[in-house]
Each structure stands twice: as structure tokens, then as C-alpha cells.
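Here's a quick tour of a model, with the cut-offs spelled out along the way. Have a look at the fold before reading on.

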Amino acid sequence: MVEKELLKIFKSEQALLSGHFLLSSGLHSGQYMQCALLLQKPWIAQGLCQTLAKKLSGIKVDVVIGPALGGVIVSYEMGRALKIRSIFAERVDGTMVLRRGFSLKKSEKVLVVEDVITTGKSTQEVVKLVKEHGAKLVAVAAIVDRSGGGAIFDAELFSLLKIGITTYRPEGCPLCGEGRLPVVKPGSRTH
Ligand SMILES: [Zn+2]
């Protein structure tokens, strides 16, 4: 699957919208990505993760882990594709932990996954958790890498799609300047 095909799927599933958006950060943008809309179709999620898993060929992995909520589905489908255990980490009082009886053994080879890596902060927290358990990070993988090369891990980062989404402060937003499109909150009914 090449990036072009992937972008087509993103657009047809409305997971990547073009327009004029007000983000929760208060910034404006001409594009908006909602990966959950892609993953809501299990057959699409499965296909994407199979393709992502192929990129890891040659890397031996024992267990895959992702941060809740975004990483849960990707972890599950990567576990299916690689035929390995799939678990997830969740935040309790601000700290990423393993619950529900999930465990990581010493020297287990671990793949950390996410749906979208933007700053890589939660992914980094899962990497830390993996190391605290004495397990070994062998790779990081995400459906989308939006970090622009800014997310650096102690293992190689694999992704299906690298995309940069430019954001603007409202006062400097060229889309506001054009005045053609009113700014909308993504997820509102009109879009
Ligand atoms: Zn604007």
C-alpha cells in the first residue's frame, strides 16, 4: 500500500478533512485528521495493520503494546497480524501503567504502537513503562506519523503515512485572511 492509496482511504472515510478548522488547541488549520473514523471499520484497521506489520519484517517481537485509547485498536490488530500478545497501557493519576492483569516479562521483545504520533509524548511514556518492566523495546509503529521527524525513540519508528498538518494562530491564519470559508469545529454536523 503506497501513501497515495492510503491518503485516498483517509479521504473516502472522512478521516482526513480539508477546510478551515478550529482545533481544540485554539489554533486554525486547513486539514483535520480523525484516525478513529478509519479504525471504526475493523476490516480497514486489519488491512492497515497487516501492511504496517509487513514493514517490521525481520524484527522479532514477543508482545505489542499501545497507549489507551488511541493505541488500543492498533495494538490489537498488530497483535493479530504478527500473531503475538496484544496489551495496552492506560493513564492512572497522570501516569501510564499496566492494569487488568497485563504484564511484561523481563527481556520480552516489545513493539510500541499508536494510531497517530504527533508529539510522541504518550508513546514515549509507554516506552518508559516497557523499560521499567525490564522488557526490550525493539520498534515503534504508527498508522500516521505527524511528528515531521520530531518524535525520536530508542528504536526505529515505522509508519504507513507521514503527513504534516500546518496550524496557524487565528490572527495569522491565511484561511481567515481569505475569508471564503468560515472556521468550524471538526466533528460538527456541517462537516
Ligand atoms: Zn482561520
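## Starting at T95

T95 is found in strand β5; helices (H or I, at least four residues) and strands (E, at least two) are DSSP runs, numbered from the N terminus. This is a predicted model, where local features need pLDDT of at least 70, side-chain atom pairs count only at pLDDT 80 or more, and totals for chains, interfaces and linings use all residues. Residues are numbered from 1 along each chain as its sequence is written.

T95 counts as exposed because it has 11 C-beta neighbours inside 10 Å. For the cut-offs, a residue is buried if 20 or more other C-beta atoms lie within 10 Å of its own, exposed if 12 or fewer, and partly exposed in between, with C-beta atoms placed from the backbone.

β4 (residues 85-92) and β5 (residues 95-97) pair in the antiparallel sense over three bridges; two strands pair if DSSP finds at least two bridges between them. Within that pairing, V92 stands opposite T95. The hairpin has two residues between the strands, and D93 takes a positive phi near 50 degrees.

Zooming out, six strands form an open sheet with mixed pairing, in the order β5-β4-β3-β6-β7-β8. β5 and β8 (157-162) are the edge strands, each pairing on one side only. At the β8 end, β7 and β8 pair in the parallel sense over five bridges, and A142 stands opposite S159.

## The crossover and α4

β3 (residues 63-67) and β4 also pair in the parallel sense over five bridges. The chain gets from β3 to β4 through helix α4 (residues 70-82), and this β-α-β crossover is right-handed: with the strands pointing away from the viewer, the path from the first strand over the helix to the second runs clockwise.

Is α4 mostly covered or mostly open? Mostly covered, as twelve of its 13 residues are buried. What covers the buried residues includes α2 (36-39), α3 (42-55), β3, β4, β6 (109-117) and β7 (136-145), where contact takes C-beta atoms, placed from the backbone, within 7 Å. Its length checks out too: at 1.5 Å a residue α4 should span 18 Å, and its end C-alpha atoms are 19 Å apart, which agrees. That expected span is 1.5 Å times one less than the number of residues. After α4 comes K83, with a positive phi near 55 degrees.

Terms used: Two residues are in contact if their C-beta atoms, placed from the backbone, lie within 7 Å.
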